[in-house]
Amino acid sequence: MSSRNTRLTTTQGAAPSADRKKPTTRVTSPISPKSNKPAPLPKELANVAKFIADQKASGLKMKTGILAGKRVNLFKGSKAVDALLSSNYVAKAKGPKIATEEEATTVLSQLISHQAMLRVKHPEGAPSKKHVTIHNQQIAGPDFEYVFLYEGSKTMVILGSIGLVLGVLAFVMFPLWPPIMRTGMSYVTMGLFGFMGFLAVLGVVRLILFGITAVVLKPGIWLFPRLWDDIGFFESFVPLWAWHVSETEAKKIKKEERRAKKERKEAKRLAKKNKKESSKASLSDSKKSDKSSDSFEAVDGPGKNSDSSSSED
C-alpha cells in the first residue's frame, strides 16, 4: 500500500472545525533511518494495539471495510477512546496510564504516527459504503473513522509456516519412514478415525433420545448437552444429561454467566487495588513513625547532654 509508506507531514494543532471542542491531535510519523517504513512500536504502544485488536477484551466492535481491494477492520475514534478509558484497559492492556479523554487521544495519535491505525474516508462514487481510502489529514480524535493496520509479531506465523512445510515433507516421505514409525502412525490414524466414528454415532443417538423424550417427557432430554460447545475436551462431556433449554433461555443463561464472570473479575481487581493502597498506606505510616522517632531523639539528645554536665558540676 503506497499510502502506508508515505510520511505524514502535518504538525500538532487544533481540530479542523472551529466549533468542535473535543480533543484532536495532528500527527507526524517517525520514519526509521534504515528504510521508509515507520519506526517499530514501543512495547507500551504495542500492548495498546494488542488490546484494541482483542475485541472481546476491549469491547471495541469493529466493522468490515474494503481498502485497496483488501478487507480491513474499521472503527470510530470515540469507541477507541471509550475502550482506553474502560476498566478492562487498566486490568489487561499494560500500557501507558490513561485517565482523561485528552490522554486517550494522545495515545491514539502515537498509534497513528507509527501507522498502526490510519484515518480513512468514504470516497464519492464508491461502489458501496464499505469502500474507504486513506485520508490526507491524519488527525486523532473521537469523531473520525480509522482502519486498524497493526499485525503484531509475525514470529508465530513464520514458525507455523515452517512447521507446515516440515509436516508436508514428512507426509510425502512416508514410504521412507522406518517400519516402527509407519506401524505407529497406522495405529494413530485408526484411533483418530475410530474416535470420529464414535462422535458421529453419539450425535445420532443423542438426537434420537431427544426426539423420544421431547414427546414423552417435555421439553426433552439431551445426552451430553455441551458436546458441540466451544469449550475444553473434558468439559464437553459434563454433565451427562440435561433438560432442553430454548434459545432465548440459553441466551439469558449465557448473559448471566458473563455478568457473573465480569463481577468476579471486577471484585478481584478491586481487591488487588485495595491491597496495594493498604500496603502503600502502611509504608507511609511506617515512614512517618520513623521520622517522628528521629525527631524525638533529636529533641531528647541536647537535654540529656545538659543533665550529664550539671551532674558533673
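Two residues are in contact when heavy atoms of each lie within 4.5 Å. Helices (H or I, at least four residues) and strands (E, at least two) are DSSP runs, numbered from the N terminus. The structure is a predicted model, in which local features need pLDDT of at least 70 and side-chain atom pairs count only at pLDDT 80 or more, whereas totals for chains, interfaces and linings use all residues. Residues are numbered from 1 along each chain as its sequence is written, and side-chain values use heavy atoms, with hydrogens and water left out.

The protein contains nine helices and nine strands. Of its 313 residues, 26% are buried; buried means under 20% relative accessible area, exposed means over 50%, and partly exposed lies in between (1.4 Å probe, protein chains only). Among the contacts with a separation of 6 or more, 53% join residues 24 or more positions apart.

Five strands form a closed barrel in the order β2-β3-β7-β4-β5, with mixed pairing. The twist from one strand to the next averages 55°. Helix α4 (residues 77-84) packs on the sheet and touches β3 and β7, and its direction makes about 65° with that of β3. Strands of a sheet pair through backbone hydrogen bonds, either parallel or antiparallel. Here, two strands are taken to pair if DSSP finds at least two bridges between them. Strand β7 (residues 145-148) pairs with β3 (residues 70-76) in the antiparallel sense over four bridges, and F148 in β7 is the bridge partner of N73. The pairing of β7 with β4 is also antiparallel and has three bridges; at this pairing, V147 in β7 stands opposite L118.

A nonpolar core is a set of buried Ala, Val, Leu, Ile, Met, Phe, Trp, Tyr and Cys residues joined through side-chain atoms within 4.5 Å. The largest such core has 39 residues, of which I52, F75, L84, L108, L111 and V147 touch the most other members. Helix α2 (residues 43-53) gives the most to this core, with six residues.

Two packed helices are described by the angle between their axes and the distance between the axes. Axes are lines fitted to C-alpha atoms, for helices over the stretch in contact, and angles run from 0 to 180 degrees between N-to-C directions. Helices α2 and α6 pack at about 100°, with axes 11 Å apart. The two helices are therefore roughly perpendicular, a term that covers 65 to 115 degrees. Beyond four places in sequence, L111 touches L41, L45, V48, A49, I52, A116 and M117.

H114 lies in the loop between α6 (101-113) and β4 (117-121). H114 is buried, because its relative accessible area is 15%. A polar atom of the H114 side chain lies 3.0 Å from the backbone oxygen of Q110.

F210 is located in helix α8 (residues 179-216). F210 counts as buried because its relative accessibility is 17%. Its C-alpha lies 5.5 Å from that of G220, although F210 and G220 are ten residues apart in sequence. Apart from neighbours within four places in sequence, F210 is in contact with P219, G220, I221, W222 and H244.

Methods: A polar contact is a pair of N or O atoms within 3.5 Å; within protein, one must be able to donate a hydrogen and the other to accept it, and residues adjacent in sequence count only if both atoms are side-chain atoms. Angles under 35 degrees count as roughly parallel, over 145 as roughly antiparallel, 65 to 115 as roughly perpendicular and the rest as oblique.
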